[in-house]
Amino acid sequence: MAKRVIVLSGASSVGKGKIKDLLLADKELDLRFVISMTTRPKKPTEVDGDDYYFVDYKYFAKAVKQKELYEYTEFNGYYYGTLKSEIDFWLKQDKAILVEVEAAGVGPLKLNIPEAVCFFVVPTSMEELEKQIREKYNDDEASARTRLNKAKMEMEIAPLFNNQITNDDPERAYKEIKEIAQREWAKLEEEE
Ligand code: 5GP
């Protein structure tokens with residue numbers, strides 16, 4: 001069976017979390033979520049081994065040295081990386097998977113897994129995105145500014161991605177992603 005991989009990325013604070021939840025809840029897609037490793041502290045609402053594998057920087061560095069990651073990046077002072085073992089575990093069982101990464105992670109993932117269908121979620125406008133970021137980080141100017149700068153950069157490189165998805169409505173955006181992924185997977189099957 002062809003490798004069925006969705007890579008979901010997007011500008012900071014564009015609302016890809018909601019789209020991710022809708023994709024994961026879709027019984028027809030039956031996606032497995034690829035859990036990343038991070039040095040970021042766990043939020044009270046998060047579960048270790050469910051949302052992320054929360055590790056210290058020494059553990060993370062060891063994984064990098066031992067080439068256990070398909071890609072990794074630093075963001076806002078913390079490291080995030082995609083474990084090869086996580087992806088390989090599901091693909092060996094012919095499961096379709098969803099990987100969520102920030103923009104820098106997409107290139108290395110595509111190099112390692114050429115079959116991956118990559119999506120980049122963009123806001124309806126930069127003004128809308130700025131509003132969302134300011135609302136989310138209204139008591140933390142430094143974080144808002146970092147995310148805004150990153151989002152601006154990501155919007156500049158967005159045209160490099162094959163599948164740009166406008167998040168005008170998460171339900172519509174998720175359906176568009178589903179349709180494109182299923183079409184691409186059908187093509188891969190034919191090629192096999
Ligand atoms: P947060 O701290 O908000 O959970 O995540 C910050 C950013 O890191 C998000 O844009 C998220 O998509 C991204 N991210 C999460 N896991 C990975 C990963 O394994 N690799 C990369 N490159 N980015 C990740």
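I began with the lining of the largest pocket, which divides into 11 nonpolar, 11 polar and 16 charged residues. I took Ala, Val, Leu, Ile, Met, Phe, Trp, Tyr, Cys and Pro as nonpolar, Asp, Glu, Lys and Arg as charged, and the others, Gly among them, as polar. The model is predicted: local features need pLDDT of at least 70, side-chain atom pairs count only at pLDDT 80 or more, and totals for chains, interfaces and linings use all residues. Residues are numbered from 1 along each chain as its sequence is written, and side-chain values use heavy atoms, with hydrogens and water left out.

I looked up which residues lie nearest the centre of the largest pocket: Arg40, Lys43, Tyr52, Glu100 and Arg147, out of 38 lining residues. A pocket here is an open set of points on a 1 Å grid over the protein atoms alone, where a 1.4 Å probe fits, with protein on both sides within 12 Å along at least five of seven lines; lining residues have an atom within 4 Å of a point.

Next I checked the ligand. The space it takes is the largest pocket, a match that needs more than half of its atoms within 2 Å of the grid points. I found 14 residues around the ligand, the closest being Ser36, Arg40, Tyr52, Glu71 and Tyr80; the cut-off is a heavy atom within 4 Å.

Then I went through polar contacts (N or O pairs within 3.5 Å). A polar side-chain atom of Ser36 lies 2.7 Å from a ligand oxygen. A polar backbone atom of Gly81 is 3.1 Å from an oxygen atom of the ligand.

Technical notes. Polar contact = N/O pair within 3.5 Å; in protein donor to acceptor, adjacent residues only side chain to side chain.
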